[in-house]
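Before going into any detail, please take a moment to look over the sequence and the model shown here.

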Amino acid sequence: MTAFTYFKDDWTPVIDDYLAKHLADEVDSKKISQTMSYSVMAGGKRLRPLLFLATLNALGKKIEEPEIRIACGIELIHTYSLIHDDLPAMDNDDYRRGKLTSHKKWGEAEAILAGDALLPLGIQWIAQGSNSAELVKIITQAVGPNGMVGGQYLDIDSTNNESVAGDADFINKMEWLKTGCLIQASVEMAAVYAKATDIEQVKLIDYAKAFGRSYQIYDDLVDVVETSEEAGKATHKDQEEGKNNTLTLLGIDKSRKELRVLIKQAKDDLHGLNGEILAGFLDLYQKVL
Ligand code: GRG
């Protein structure tokens, strides 16, 4: 067991229990609550809330109910993005987290509304937990048109578009916006919330940038390296559907090499911080290296 696995095993059940209880208690309509909970409680890794909490831990900030509320708000927003990404008009996926996708289970309109409901509820939890306009600014910028939605737009717009197939700048930008921005925001919100010094903030944001970039490469590698059963979703799908990503640009070997470079960079960025748990997140990648 590493410091990271202890941390993950301690806090994942706390996050899961909070999400289940508060989605049931705070959503008036049992039907909407059930649709939202179905996807939120479908077994995600809780990577972004754990990153938020691990960054607080690195900065010596105690984790109590308000901090859990912020962390869970991030997970609600992440789950909204997955529900909408799976819709027929987007990636058209039948399985996510090993279960039927929201639109397959509940219908398309219901899935759109579940996503629509999770986004503002997530922002509300972050606002209530932090009482900070700065945190609300960080999260809304990260998931808006200059962040995650902007990246998703570029992705949709470029699928089956030969002209961007070899365009590294375009692919890096698209992947960063789609995946990296929310990961960076999870670390940055914790740094602001815990009043990190300027030097700590720079180190943590550099770490988050390397981690955010690496996570998309990892996810693309999972798509080709893991079986569908292990991944809980259809694999090899990106390759088959004309998606442009780092993997299609570099191929498997160079993507792995790039991932190793980013792992070292992210670990180096943590020097001088109490960053053992944050460094442990990078061990997730072992299974595709
Ligand atoms: C629809 C506005 C909108 C945005 C969608 C997140 C996203 C943008 C698309 C999902 C497709 C994808 C594979 C994006 C890369 C980000 C990513 C790796 C998502 C999966 O996150 P994990 O691995 O999943 O943390 P779990 O299920 O563990 O939470």
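A residue is called buried when its relative accessible area is under 20%, exposed when that value is over 50%, and partly exposed in between. Thr55 is therefore buried, since its relative accessible area in this predicted model is 0%. Thr55 lies in helix H3, which runs over residues 47-58, and, leaving aside residues up to four places away in sequence, Thr55 touches Val187, Ala190, Ala191, Leu204 and Leu278.

From this one position we can turn to the protein as a whole. The secondary structure comes to 14 helices and 2 strands, and buried residues make up 52% of the 289 residues. The radius of gyration of the protein is 18 Å, which agrees with the value near 19 Å that a compact globule of 289 residues would have. Taken along the principal axes, the C-alpha atoms fill a box of roughly 50 × 50 × 35 Å. Among the contacts with a separation of 6 or more, 73% are accounted for by residues 24 or more positions apart. The accessible surface of the protein comes to about 13100 Å², and 52% of that surface belongs to carbon and sulfur atoms.

Helix H2 gives a further view of burial. Within this helix, which spans residues 30-40, the residues Ser33, Thr35, Met36, Ser37, Tyr38, Ser39 and Val40 are buried. What covers the buried residues of H2 includes helix H1 (3-26) and H4, together with S2, helix H5 (102-106) and helix H6 (108-130).

Which helix supplies the largest share of the shell around the ligand? That share, 6 residues, comes from H4. Helix H4 (65-86), helix H8 (148-158), helix H9 (168-193) and helix H10 (198-225) each contribute at least two residues to the shell. In total, 18 residues surround the ligand, and the closest are Lys45, Arg48, His78, Arg97 and Tyr215. Sorted by class, the shell has 5 nonpolar, 7 polar and 6 charged residues.

For His78, the corresponding distance between a side-chain N or O atom and an oxygen atom of the ligand is 2.8 Å. The protein covers 92% of the 690 Å² of accessible area that the ligand has on its own.

Most residues other than glycine have a negative phi. Arg97, although it is not a glycine, has a positive phi of about 55°, and it is found in the loop between strand S1 (95-96) and strand S2 (99-100). Is Arg97 buried or exposed? With a relative accessible area of 18%, Arg97 is buried, because that value falls under the 20% limit.

Lys195 is another residue that has a positive phi of about 55° although it is not a glycine. Lys195 is found in the loop between H9 and H10, and, with a relative accessible area of 71%, Lys195 is exposed.

Two aspartates complete the tour. Asp94 lies in the loop between H4 and S1 and is partly exposed, with a relative accessible area of 35%. Not counting residues up to four places away in sequence, Asp94 touches Lys99, Leu100, Thr101 and Lys104. The C-alpha atoms of Asp94 and Lys104 are 6.3 Å apart in space, while the two residues are 10 residues apart in sequence. Asp253, in turn, lies in helix H13, which spans residues 246-269, and is exposed, with a relative accessible area of 61%. Asp253 and Leu221 are 32 residues apart in sequence, and their C-alpha atoms are 10.0 Å apart in space.

Methods. Residues are numbered from 1 along each chain as its sequence is written. This is a predicted model: local features need pLDDT of at least 70, side-chain atom pairs count only at pLDDT 80 or more; totals for chains, interfaces and linings use all residues. Side-chain values use heavy atoms; hydrogens and water are left out. A residue is near a molecule or strand if one of its heavy atoms lies within 4 Å of it. A polar contact is a pair of N or O atoms within 3.5 Å; within protein, one must be able to donate a hydrogen and the other to accept it, and residues adjacent in sequence count only if both atoms are side-chain atoms. Accessible areas come from the Shrake-Rupley method with a 1.4 Å probe; for residues, only the protein chains shown count as cover. Helices (H or I, at least four residues) and strands (E, at least two) are DSSP runs, numbered from the N terminus. Ala, Val, Leu, Ile, Met, Phe, Trp, Tyr, Cys and Pro count as nonpolar, Asp, Glu, Lys and Arg as charged, and the others, Gly among them, as polar. The radius of gyration is taken over C-alpha atoms; the globule rule is 2.2 Å times the number of residues to the power 0.38. Buried means under 20% relative accessible area, exposed over 50%, partly exposed in between (1.4 Å probe, protein chains only). Contact means heavy atoms within 4.5 Å.
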